[in-house]
Amino acid sequence: MRHRRRNLWIALAVLLVLGAIVLAVLLRQRAAPDAVRLLPNAEAVLYVNLEPVRLLTDLGKNPPKHPKPEYQDFVHQTGFEFERDLNRAALAIHYAHTPDNPSAETRYSEIMQGQFDSQRVTDYLRKQASSVERYDDFDIYIIPLEGRTVRVALLGIGTAAASNRDGTEAIHGMIDRYKRAALPFSGPDLARDYYKRVPLGSVVWTIARIPQDSAPQDRSELLLPGSWSSLLPRGSTVIASARPLNEVYLRAQVILQSETQASSFADRVSTFLALFKTIDVSLDGGGPDPDVKKAFDSFAVRQDGNEATLTASVPFAFFKKIVSQTPVEFGSETTKPPQAPSSATSHKP
């Protein structure tokens with residue numbers, strides 16, 4: 001009897017350990033990437049995984065043709081080229097005039113993961129820094145840049161953190177989370193609340209919440225072409241992604257405050273898309289590009305309750321042209337979206 005009881009306790013202990021392991025794996029699978037979990041809270045989060053992009057394109061195979069002198073000096077001193085050596089990057093966007101960032105301009109915090117020579121990068125940072133702060137066994141390089149202060153820390157092999165937010169809270173927080181191994185339930189609130197909506201396999205995605213008191217010109221940080229960002233109503237949340245399958249599928253879910261607002265938003269986007277699809281775009285000056293036209297023609301928007309979803313399918317040929325060649329440039333007038341009536345923009349939704 002005693003022997004049987006001991007075996008029962010051993011079996012129970014094994015089951016508990018296995019259950020804990022399975023739970024940890026499941027949490028990790030649905031948690032945002034570790035680079036994102038290191039970021040501080042922000043109004044928008046952007047994540048890019050360049051490793052699969054390099055497999056699909058010529059990115060990083062050839063050095064930039066005409067790099068800026070500052071960038072050329074950086075590459076020479078560190079041996080690091082972003083196109084070739086950066087694997088993953090996570091960016092937190094701190095909109096201006098918010099509780100998170102009371103300054104008059106948008107600030108950024110970022111995590112970069114890649115292949116670099118730690119000693120060469122350290123030597124470069126020391127030359128650029130006006131001072132070095134020691135925090136919890138990490139060196140933080142304080143670098144004056146264009147009227148701002150950038151704080152940079154090398155967290156580990158192939159991982160660096162940086163922030164130009166005022167004060168030390170952002171960079172200290174990223175170091176603290178790194179030391180806690182970026183637990184699955186850590187990271188920005190936006191990622192914890194909405195990452196489950198990001199399609200599996202997305203190589204680029206962003207989650208953003210538009211502040212209630214923001215103006216359309218404050219939303220260019222969402223990295224949308226032309227004036228598309230101005231379509232997003234204040235107080236809305238957008239989850240946008242790109243994932244490669246047989247084509248590159250683009251998807252943007254916009255969560256609004258009511259069905260009426262979602263309907264109005266979808267109507268304005270539909271009008272904009274109808275105009276956008278009439279534009280003939282050439283990447284090489286040789287006339288309209290069929291891959292570009294196919295991508296533009298695939299844009300669609302649908303409404304479901306208080307949400308609107310935009311989708312598009314980009315041929316790999318077009319995707320490779322965008323990444324490997326000169327980006328498509330759109331005229332400021334031809335891509336200006338229809339504006340909402342003045343009475344709607346003069347009041348908060």
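This is a predicted model: local features need pLDDT of at least 70, side-chain atom pairs count only at pLDDT 80 or more; totals for chains, interfaces and linings use all residues.

Reader: Got it. So is Tyr195 buried or exposed?

Author: Tyr195 counts as buried, at 14% relative accessibility.

Reader: And which ring does Tyr195 form an aromatic pair with?

Author: Trp205. Rings of Phe, Tyr and Trp (its six-membered ring) pair if their centres lie within 6.5 Å; planes under 30 degrees apart are stacked, over 60 edge-to-face, and the rest tilted. Tyr195 and Trp205 are tilted, with 5.2 Å centre to centre and 50° between the planes. Trp205 is buried too, with a relative accessible area of 2%.

Reader: What does that pair tie together?

Author: Tyr195 sits in the loop between α8 (189-194) and β8 (204-209) while Trp205 is in strand β8, so the pair ties together parts 10 residues apart in sequence. Helices (H or I, at least four residues) and strands (E, at least two) are DSSP runs, numbered from the N terminus.

Reader: How many aromatic pairs are there?

Author: The count comes to 10. Ring pairs also link Tyr71, Phe74, Phe80, Phe82, Phe116 and Tyr124 into a cluster.

Reader: Switching to helix α6, which residues are buried there?

Author: In α6 (residues 118-128), Val121, Thr122, Tyr124 and Leu125 are buried. They cover an arc of only 165° around the axis, which puts them on the same side of α6; the arc is taken from the directions from the helix axis to the C-beta atoms.

Reader: What covers them?

Author: The cover includes α4 (69-78), β5 (138-145) and β6 (148-156), where contact means heavy atoms within 4.5 Å.

Reader: Okay, strands now. What does β10 pair with?

Author: β10 and strand β12 (residues 307-314) pair in the antiparallel sense over eight bridges, and two strands pair if DSSP finds at least two bridges between them. Leu250 stands opposite Ala312 in β12. Eight bridges also join β9 (residues 237-244) to β10 (residues 248-255), again antiparallel, and a hairpin joins β9 to β10 through three residues.

Reader: How many helices and strands does the chain have?

Author: The protein chain has 12 helices and 12 strands, and 44% of its 349 residues count as buried.

Conventions
Residues are numbered from 1 along each chain as its sequence is written. Side-chain values use heavy atoms; hydrogens and water are left out. Buried means under 20% relative accessible area, exposed over 50%, partly exposed in between (1.4 Å probe, protein chains only).
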